[in-house]
Amino acid sequence: MAALNRATKATYVIHDRIEAETSDREDHTFCGIMFPVKCKSILPIDHVVINSVSVRGALGPLTVWVSKDEGNNGEISMNKKKWIKIYEQTHKPSFVGYKELDFSANPIVLRPGQVRGIYIHSTRRGDEAIVYDNKEKQKTHDDSFITILPGRAHVSEKVFGSIPIWGWGSAWRDNREFVGQIKYGAVYRLWNPSENMSFGDNFRGAARCLLMCQRRVDSPFSKLPDECVYYILNMCRWDWVNDTSDGLRRRQKSMRRLAQQAEDNVLDDDEGNFAGEAQMDSDNDEELDEEEEHEYMDEDSSDESEDSDDSDAASDDGYAWGDHVTAHDNLAYNDAESESSEDEETIPQDQLEAHYLGRESRGRRSFFRARAHIFNLFHHQVQGEVNAEIEGDHEE
């Protein structure tokens, strides 16, 4: 019966406690630090469970917040309503060693590919509460399970406060890095036919070999039904046949490269069409009279000045004295998987040239597409004004 009802994920968290420790240069100390954490999709894991974070400094009354499980699209909201408080406790100063903030009773759960923000804040007066660093690289920490990205520091004693302790300017400092440790565990996905492509080459080869043996009449495995073979594979961990995270990473990058090449081949067929449309619209615009063009540009410039005045007036609404507009901007992050220098050295030179040429051709296609849309917009607006003048002349 167990063979017919196979589990899809492990019922245990890995026994080895994983510690993601960042660099520690002690560039700054202040009230708080906010940073994104991404769960990677390299290994066949169902989710990652973050149980605690560790920080150092003067500490004091600390709270830990996590952004809600919502689609971020490269940004994390700074609105307090979009965050959940998962930890609150007062700690004594710890300037040398890290102090663990254990929220295992309410852990942070990350699915593969998911990004959530972590915000650690202290209401202690002064500027020594939490140690953090300047941004030094694109990723603060990167391992097989999670990626810690650079974030922003907080210089306000109020949680999510927009006014710094000195009363003016922005309360947030971009391009800052978390300093400390994150302790977490991972729940693995278990093998099933539908999950076969999530496993490494060695595991998939072992599964194929086992099924081939089961199909041979002279093999002892031939007496087992398919469900029993599936159950045996279901009970095997992803790394029992010497698959490694580096091997899975290389395989994913190769698959992304092939997918990008296929997309380039499709876009190349449309490049001529976009260029032709852009040239046609350009010829139509050149036939417009100079007087109509000047009239249109004058109206557009006046509208632009009015819009700028409205935006300046709107920017002042809803903000207290000493507040700063950028204090309310969302935290933007870049979680794209970049090609490392080690991987690029193993790629043949002709493939690298084709890769970068493909980027250039995609940029040209985007330029032609944008220009075509702009020409169409100008053409329709000006043509509408000309038609209106002609109709007015006929009525007179």
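1. E88 touches L62 and T63 when residues up to four places away in sequence are not counted; contact means heavy atoms within 4.5 Å. E88 is found in strand 7 (residues 83-91), where strands (E, at least two residues) and helices (H or I, at least four) are DSSP runs numbered from the N terminus. At 56% relative accessibility, E88 counts as exposed. The scale used here is under 20% relative accessible area for buried, over 50% for exposed and partly exposed in between (1.4 Å probe, protein chains only). The C-alpha atoms of E88 and F103 are separated by 9.1 Å, the two residues being 15 residues apart along the chain.

2. On the basis of the model: it is predicted, local features need pLDDT of at least 70, side-chain atom pairs count only at pLDDT 80 or more, and totals for chains, interfaces and linings use all residues. Residues are numbered from 1 along each chain as its sequence is written, and side-chain values use heavy atoms, with hydrogens and water left out.

3. On the chain as a whole: the protein chain has 6 helices and 17 strands. Of its 396 residues, 40% are buried. Among contacts with a separation of 6 or more, 80% come from residues 24 or more positions apart. The chain exposes about 22,600 Å², of which carbon and sulfur atoms supply 50%; accessible areas come from the Shrake-Rupley method with a 1.4 Å probe, and for residues only the protein chains shown count as cover.

4. On aromatic pairs: the whole structure contains 11 of them. Rings of Phe, Tyr and Trp (its six-membered ring) pair if their centres lie within 6.5 Å, with planes under 30 degrees apart counted as stacked, over 60 as edge-to-face and the rest as tilted. Y119 and W172 form a tilted pair, at 5.9 Å centre to centre and 50° between the planes. This pair links distant parts of the chain, with Y119 in strand 10 (residues 115-122) and W172 in strand 15 (residues 172-178), 53 residues apart. Y119 counts as buried because its relative accessibility is 0%, and W172 is likewise buried at 6%. A second pair, F145 and Y184, is edge-to-face because the ring centres are 6.1 Å apart and the planes stand at 65°. F145 lies in the loop between strand 12 (141-142) and strand 13 (146-148), and Y184 in strand 16 (residues 181-188), so that pair also links distant parts of the chain, 39 residues apart. Both F145 and Y184 are buried.

5. On the aromatic cluster and its surroundings: W65, W83, Y119, F160 and W172 form one aromatic cluster. W172 is also one of the residues in contact with G161, along with H154, S156 and A171, leaving aside neighbours within four places in sequence. G161 is found in the loop between strand 14 (151-154) and strand 15, and is buried with a relative accessible area of 5%. The C-alpha atoms of G161 and A171 are separated by 7.1 Å, although the residues are 10 residues apart along the chain.

6. On helix 2 (residues 226-234): its buried residues are V229, Y230, L233 and N234. Seen down the helix axis, these residues fall within an arc of 140°, so they line one face of the helix; the arc is that of the directions from the helix axis to the C-beta atoms. Helix 1 (201-215) is included in what covers them.

7. On salt bridges: the structure holds 20, each being a side-chain nitrogen of Lys or Arg within 4 Å of a carboxyl oxygen of Asp or Glu. K40 forms one with D142, with the closest N and O atoms 2.8 Å apart. K40 lies in the loop between strand 3 (32-39) and strand 4 (45-57) and D142 in strand 12, so the pair ties together parts that are 102 residues apart in sequence. K40 counts as buried at 1% relative accessibility, whereas D142 is partly exposed at 37%. The side chains of D46 and R111 meet in another salt bridge (2.7 Å, N to O). D46 is in strand 4 and R111 in the loop between strand 9 (108-110) and strand 10, so this pair joins parts that are 65 residues apart in sequence. Salt bridges that share partners join R25, D27, D133, E136 and E177 into one network.
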